[in-house]
Amino acid sequence: MQRAALLRRPFLLLPLACVAVAGLGFAELLQRAGEGRYNPHTVPNFMVGRPVPEFSAAPAPPGAGFSTADLQHPPQPVLVNFFASWCLPCQAEEPLLDRLKAGHVPIWGIDYADQEAALKGFLQANGNPYTRLGADPKGAAAIAWGISGVPESFLVDRSGIIRWHLGGPLTPAIVADTLPRLLRKYA
Amino acid sequence: MARLFPLAAVLFVLLLAAPSFAAGSMLTAEQEARAEAIGSQLRCLVCQNETVEESSATLAANIRMVIREQVAAGRTNRQIMQWMTARYGDFIRLDPPFNRLTLLLWSMPVLAPAVGLGIAFAAGRRRRAPPPPLTEAEKARLAALLE
Amino acid sequence: MIPELGNFALALACCLAAAQAVLLLLGAEAREARLMAAAPGLAFGQLIAIATSFAALVWSNAVSDFSVRNVAAFSQSQAPLFYKITGTWGNHDGSILLWCLVLAICGAAVGAFGSNLPAALRARVIGVLGAVAAGFLLFALTASNPFQRLWPPPMQGNGMNPLLQDPALAIHPPILYLGYVGFSVPFAFAIAALLEGRIDAAWGRWVRPWALTSWCFLTCGIALGSWWAYYDLGWGGFWFWDPVENSSLLPWLTGTALIHSAIVVEKRESLKTWSVLLAIVTFSLSLCGTFLTRSGVLNSVHAFAISPTRGVFILALLGLVMVPSLLLFAFRAPVLAPTGLFAVISREGAIVLNNILLCSMAAVIFTGTLYPPFAALLAGEQLSVGAPFFDSTVLPLAVPLVLAMSIGPALSWKRAALFPALQRLWWVALAAALVGIVAALGWHGLASVGFAGAAWLIFGALADIAQRIRLFRVRASESLSRLAGLPLGAIGAAVAHAGLGVTIAGISGMTLASQRVIFLHPGQSTDFAGYHWTLTALDRVPGPDYVARVATLEASRDGRTIAVLHPSDRRFPVQGTAVTDTAIRTNLLVDLYTALGNVQNGGAEVRLRYDPLAPWIWLGALVMACGGGLSLADRRLRVGAPARRAARLPA
């Protein structure tokens with residue numbers, strides 16, 4: 001009878017063990033959430049390290065549009081920036097894009113789900129940092145690149161491979177440190 | 001040769017019009033059903049609680065259009081799902097994939113009742129076990145009590 | 001001054017709860033009669049203190065006292081009074097205070113209605129409730145204090161979430177919490193039994209009313225939430241397997257298992273260890289639900305977003321409740337020796353099957369809900385587990401459960417013969433098969449399985465009652481008198497099982513729903529679901545704190561107007577958000593559902609839905625809750641411990 005009771009003991013401790021393990025897991029998750037390393041809502045993007053996808057951005061005055069072929073062998077690394085006139089963080093990142101333009105970084109813009117007149121107004125109000133400009137009114141290019149919102153930016157190297165992705169607006173730190181480093185690496 | 005030109009012109013116009021056929025209302029009922037089925041398996045990335053079919057977000061409408069274009073172009077369900085997960089990862093699928101990582105998840109509907117039945121039978125057997133036989137001393141005590 | 005009073009009352013409640021816990025648990029250990037007798041008094045005292053505190057918060061909301069930080073953050077002066085009051089629990093701090101209030105109500109209820117319990121057990125139960133309450137009150141006082149002041153007070157609040165300005169959503173939290181927190185009483189009974197080192201048949205009888213009451217409220221709370229989602233969100237969905245919804249379903253599933261296994265504890269003194277574990281697990285799942293909703297760890301739209309430090313506090317609270325209880329369980333459970341035996345084929349055996357299936361469903365839903373964060377933690381992979389997964393894994397487990405639900409009540413206690421029971425149910429099976437075949441001929445396959453299952457449950461419940469009153473086997477008058485004499489518990493069980501059948505019929509009907517989304521200008525019309533729909537007007541209507549666009553849709557058939565519906569879209573300028581209000585016309589069999597989408601260029605996008613049997617989903621839940629209520633009214637549940645009478649000396 002004693003042996004049976006002793007054999008039962010591990011089973012009875014099993015719920016407690018599960019709870020302890022789960023509790024430790026949750027504590028770690030909370031810790032990470034507090035540090036910003038964990039967010040269940042972020043959408044991953046898998047395009048980094050892969051060639052530029054099949055897409056085309058329609059002409060958008062003053063831009064003439066561009067497509068996959070134009071990005072397959074650019075003479076220097078290109079920053080592809082998805083934006084829209086109705087998007088507030090896009091307006092907020094315009095000064096940083098201007099800074100990049102002043103540093104001779106080619107920025108190719110794709111205007112997502114927008115209208116020509118609105119785009120004109122946006123560029124007039126905020127300036128035009130784009131070397132090349134295209135429009136994606138139906139969002140087909142956005143989906144091809146794996147976008148989940150605007151603004152998002154990608155760095156394409158000279159062999160047409162996507163090397164970096166940012167799922168949000170640019171920050172001063174990125175413009176001061178990350179991008180120059182990457183541009184030097186893939187120059 | 002001259003007679004081919006009008007035909008070529010007509011074909012050329014039709015070719016130009018082809019993308020607009022693919023993009024919208026020209027799907028057959030069966031293709032539309034297939035597109036809806038695929039859309040119901042994808043998570044809207046903006047309103048992450050809804051499927052791509054249900055969501056009113058612009059991005060979801062874009063994805064719905066891309067799905068229909070691909071269905072009209074003849075790609076299989078599997079190819080379209082792969083195209084989507086290549087860009088967004090397994091996160092966009094509402095149905096998690098079946099691989100080593102999700103083995104515990106998918107086997108739970110079989111594992112849980114099996115474990116439950118196992119515990120029930122083990123407990124039942126233990127309870128049904130007859131009491132251990134009496135020792136000599138206990139037999140003597142029993143005899144004395146019954147006297 | 002009122003908020004200060006509220007804060008003081010909160011602190012007082014915390015001290016009283018701590019006193020309740022310490023004095024009563026020690027008193028029960030030492031068998032001190034006077035300390036044990038103080039149980040109801042302490043519980044009432046705590047209730048008065050926390051009720052005062054809660055009243056102070058409600059008052060601050062009602063008069064829009066923006067010097068209270070909580071009111072300024074979540075309310076505004078233009079909101080209607082009813083929603084100002086119900087908005088008290090629409091945010092994290094207020095909802096924690098509501099949680100504490102319901103815990104105190106549970107303790108006081110045990111004090112008031114627990115006079116049939118032996119003194120030591122009652123003292124321990126109220127003591128445990130006091131301990132849990134002390135933990136939550138401490139949390140409310142230190143990390144989630146709703147009475148923090150803001151000086152200088154702003155002229156206007158930040159605004160109330162417009163989604164909360166809805167009658168169903170306003171009463172949803174109190175009802176849901178009465179369910180969730182109500183399960184703290186069976187939990188306390190389980191801990192008390194472990195501390196005492198003994199469970200007898202009476203424990204099963206005493207615990208059942210508390211578990212049943214909580215179960216009824218939880219059923220209503222979940223149904224209310226689902227109904228709200230259906231009529232408010234605008235596309236006709238009613239269950240999304242969202243993590244927060246799942247965390248309310250989990251205690252419901254294990255709670256259902258508990259109300260059944262408690263019956264076996266009472267009848268056979270068996271399944272004791274299991275019932276104790278189930279009671280602990282059910283309340284732990286309620287607490288987990290609280291944690292998960294507030295922690296931000298899960299991908300859900302419902303989550304109250306709070307800081308991770310508060311999440312750590314709740315996690316610690318959770319640990320403090322669950323770890324000692326499970327430790328106590330591991331060490332004391334072997335003492336609860338089972339005494340009764342029963343055959344595998346018997347009503348007890350059916351209840352064991354019911355428990356296994358319900359807990360398996362709970363295990364699957366639990367795993368699915370927690371897989372994404374743990375996969376992200378352990379493997380760095382981001383996956384999502386959504387509706388398709390849950391539909392394909394939970395429904396196969398529900399099928400044997402539905403089958404067993406009508407067979408179980410037909411089996412006899414202790415030892416039963418399966419085939420005679422099945423033979424008695426021949427006409428139920430026939431009816432279910434007929435319904436299934438008719439449905440399959442008319443509609444899609446899966447719905448017909450659902451309808452057959454619903455018929456099986458409803459007719460099975462009727463068969464159960466018919467069996468008990470020996471219908472058609474004795475004279476009608478005798479059947480009638482048997483019916484009058486049937487214990488309410490038996491009727492309640494049949495009603496509750498039938499209620500689930502009604503819900504299943506409703507869900508199956510919804511799989512046959514059809515919809516159309518169309519852009520119309522005023523004057524245009526379309527044909528849908530056998531009706532001719534015309535958009536007759538599109539108006540702008542201002543409200544107290546919003547501006548609404550209201551559409552008037554007329555549905556007619558053969559020239560006769562059947563219904564006039566007014567779906568609308570409300571925009572709230574203070575918060576900058578919009579809420580859609582659907583317009584539904586129901587005859588309790590079919591819902592004609594309309595919603596308004598984008599309004600532009602003088603026209604509007606209108607969504608039309610034809611939802612057969614949709615109302616039955618929530619009516620079925622109401623029937624289930626009524627069944628539970630009927631069982632509660634059973635006289636047999638009020639039997640208590642024999643009162644000590646003065647010994648009579650022989651003459």
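Reply: A:Gly134 touches A:Ala57, A:Ala58, A:Pro59, A:Ala60, A:Gly63, A:Gly65, A:Phe66 and A:Ile110, leaving aside residues up to four places away in sequence. Contact here means that the C-beta atoms of two residues, placed from the backbone, lie within 7 Å. This is a predicted model, in which local features need pLDDT of at least 70, side-chain atom pairs count only at pLDDT 80 or more, and totals for chains, interfaces and linings use all residues. Residues are numbered from 1 along each chain as its sequence is written, while chains are lettered from A and ligands numbered from 1 in the order in which they are written.

A:Gly134 sits in strand 5 (residues 132-136) of chain A. Strands (E, at least two residues) and helices (H or I, at least four) are DSSP runs, numbered from the N terminus. A:Gly134 counts as buried because 23 other C-beta atoms lie within 10 Å. The buried class needs 20 or more other C-beta atoms within 10 Å of the residue's own; 12 or fewer means exposed, anything in between is partly exposed, and the C-beta atoms are again placed from the backbone. A:Ser56 is 78 residues away along the chain from A:Gly134, yet their C-alpha atoms are separated by 8.3 Å.

Step back to the chain. Chain A is divided into domain 1 (1-41) and domain 2 (56-185). Such bounds come from an automatic or database domain assignment. The C-alpha centres of domain 1 and domain 2 of chain A lie 46 Å apart.

Next, the partner chain. The contact between chains A and B takes 15 residues from each. On the side of chain B that touches chain A, helix 3 (58-72) and helix 4 (77-88) of chain B each give two or more residues. Helix 3 of chain B provides the largest share, 6 residues. That side of chain B divides into 9 nonpolar, 4 polar and 2 charged residues. Nonpolar covers Ala, Val, Leu, Ile, Met, Phe, Trp, Tyr, Cys and Pro; charged covers Asp, Glu, Lys and Arg; the others, Gly among them, are polar.

Chain B also meets chain C. There, 25 residues of chain B face 33 residues of chain C in the contact. The side of chain B that touches chain C holds 12 nonpolar, 6 polar and 7 charged residues.

Now chain C itself. It contains 21 helices and 10 strands. Its radius of gyration is 27 Å, close to the 26 Å that the globule rule gives for 651 residues, so chain C is as compact as a globular protein of that length. The radius is taken over C-alpha atoms, and the rule is 2.2 Å times the number of residues to the power 0.38. Along the principal axes, the C-alpha atoms of chain C fill a box of roughly 95 × 75 × 60 Å. Of its 651 residues, 55% count as buried. Among contacts in chain C with a separation of 6 or more, 74% join residues 24 or more positions apart.

The assignment for chain C gives domain 1 (1-153), domain 2 (190-336 + 343-376), domain 3 (389-512) and domain 4 (514-614). The C-alpha centres of domains 2 and 4 of chain C lie 40 Å apart. In their contact, 4 residues of domain 2 of chain C meet 9 residues of domain 4 of chain C. The domain 2 side has 2 nonpolar, 2 polar and no charged residues.

Chain C has an open sheet of 4 strands, ordered 1-10-9-8, with antiparallel pairing. Its edge strands, strand 1 (514-520) and strand 8 (583-586) of chain C, each pair on one side only. Pairing requires that DSSP finds at least two bridges between the strands. Strand 8 of chain C joins strand 9 (residues 590-600) of chain C through 4 bridges, and the two run antiparallel. C:Arg585 has C:Leu592, in strand 9, as its bridge partner.

Strand 2 (residues 525-528) and strand 3 (residues 531-542) of chain C also pair in the antiparallel sense, over 4 bridges. They form a hairpin with 2 residues between them, and C:Ala529 in the turn has a positive phi of about 55 degrees. The bridge partner of C:Phe528 in strand 3 is C:Tyr531.

One more buried site. C:Phe189 lies in helix 9 (residues 184-196) of chain C. It is buried, with 29 C-beta neighbours inside 10 Å. Beyond residues up to four places away in sequence, C:Phe189 touches C:Val125, C:Trp203, C:Trp206, C:Val207 and C:Ala279.
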